[in-house]
Amino acid sequence: MTRCSVMLLAAVPLALSCTVNGFEVSGSTTLPARDTAPATLSAYELPPGMIKNTSKGNPTQLHGILGIPKGPGPHPVVVVLHGSHPTCAWPGRTDAVARDAVRDPWPLVCGRPGAEYDPGKYGPDYVRHNAGLSYFVEALSRKGFAAVSIDVKSAEAWYTGEPSPVKGYTQLIDTHLKLLADLNEGTGHGLNLEGAEGRIDTSRVGLVGHSRAGGYVLNSTAGKRPGLFATVAVEPAEEVDKAPHTVPVLNLRGACDEDTGPNAGLDTIKALAKSGTTDVVADVRLPATGHAMLNTNLSSVNAKGGVGDCSAAQVAKPAEARDQAAQLTASFMAQALRKATTYTLPALAGPPPAGRNLSERGPSLRFKASSPQSYADPRRIPTTTSEERLLPPVPKGLKVAKGGEPEA
């Protein structure tokens, strides 16, 4: 149920106050100035290598999308993590993967490039799901963060045995943070990334995770990361290991989520609020939003235009849903960093987001109208490549379960 009232006050812009499903939503026709675009938005590639999240070790790609904002810095870091999605695809033939997805060949894990289509086998295209969250990087950079979306697919994959996802995510985050720390010190590792030296502060770290990675950023290992200042879980796949966080936490859940459901993460953050370890445990429900639509590499709606239990008429345009999620995430991170006494989060036109702080003793949460923002096409982000290694090389002759699933 939605109830709205409009107030016109002397010398005050038109204000809007609504109650949506029991949550307060407020806005204004006076929109904030658009945030400045990041100074640089770059994709980087380093040689693949091994991490130790299985008994044999696990091969992994070392891909990232990095955004560095304007201004001298040093800028705190936010690491963005994608979920566990299809690893390999046949060009234009995999329903779950978008036709314009960002892909690379990686024959070690996927099929042979140029192979004849066989629906019973894994395709040749390794899908770079971190690029599908580049819009989060851009939104965060506009708020003053050095943001990076990293490839974490191997953390969930059965390439060389049963993986330890928490260990895998943690090692990959550590590796990319080491890279950023080196870039800040002037060690470029062969990458052509301008504007990094002296402008990245890896002592302050925020974590954003979608889907399975959302479950990771809510678990105890992530919550204990040194320098952590805030966490955002986006439609998380909840884990048994509950969050012990002492920093502000935001849970974003989609009302039309076809994968983790419209109450994704809710049990975990309710328990966190009850524990009292942090005063900011924000829960925000995104209307008309599905799960796959928040990663541009995935097919966002079904054949009829619907998502989950929502018909086409009930589903937001994917680009608008992504913009809303990105702006909420970036705004929350910025306010958490400065320890805001009241959180004012952006609400785009259309069905408004609804939410509140589940901690009764913490700051209140309200919404303010915001203008839409545009984002770079992830396929057109300039890429810099290096042959320098940060991880041990993949051993010759390593037996890999193609596609990331256990061998029969």
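Pro-74 is found in the loop between strand S5 and strand S6 (75-81), where helices (H or I, at least four residues) and strands (E, at least two) are DSSP runs numbered from the N terminus. Pro-74 is joined to Gly-73 by a cis peptide bond, with omega at about 5°.

The model is predicted, so that local features need pLDDT of at least 70 and side-chain atom pairs count only at pLDDT 80 or more, while totals for chains, interfaces and linings use all residues. Residues are numbered from 1 along each chain as its sequence is written, and side-chain values use heavy atoms, with hydrogens and water left out.

**The chain as a whole**

The chain contains six helices and 18 strands. Of its 408 residues, 56% are buried, a term that here means under 20% relative accessible area, with exposed meaning over 50% and partly exposed the range in between (1.4 Å probe, protein chains only). When contacts between residues at least 6 apart in sequence are considered, 70% of them join residues at least 24 apart, contact being defined as heavy atoms within 4.5 Å.

**The loop at Thr-54**

Thr-54 is found in the loop between strand S4 (40-51) and strand S5 (58-68), and Thr-54 counts as buried because its relative accessibility is 10%. A polar atom of the Thr-54 side chain lies 2.8 Å from the backbone oxygen of Gly-57. Apart from neighbours within four places in sequence, Thr-54 is in contact with Thr-160, Gly-161, Glu-162 and Pro-163.

His-189 lies in the loop between helix H2 (165-184) and strand S11 (200-210), whereas Lys-339 is found in the loop between helix H6 (318-337) and strand S15 (342-347).

| Residue | Relative accessible area | Class |
|---|---|---|
| Thr-54 | 10% | buried |

Terms used: A polar contact is a pair of N or O atoms within 3.5 Å; within protein, one must be able to donate a hydrogen and the other to accept it, and residues adjacent in sequence count only if both atoms are side-chain atoms.
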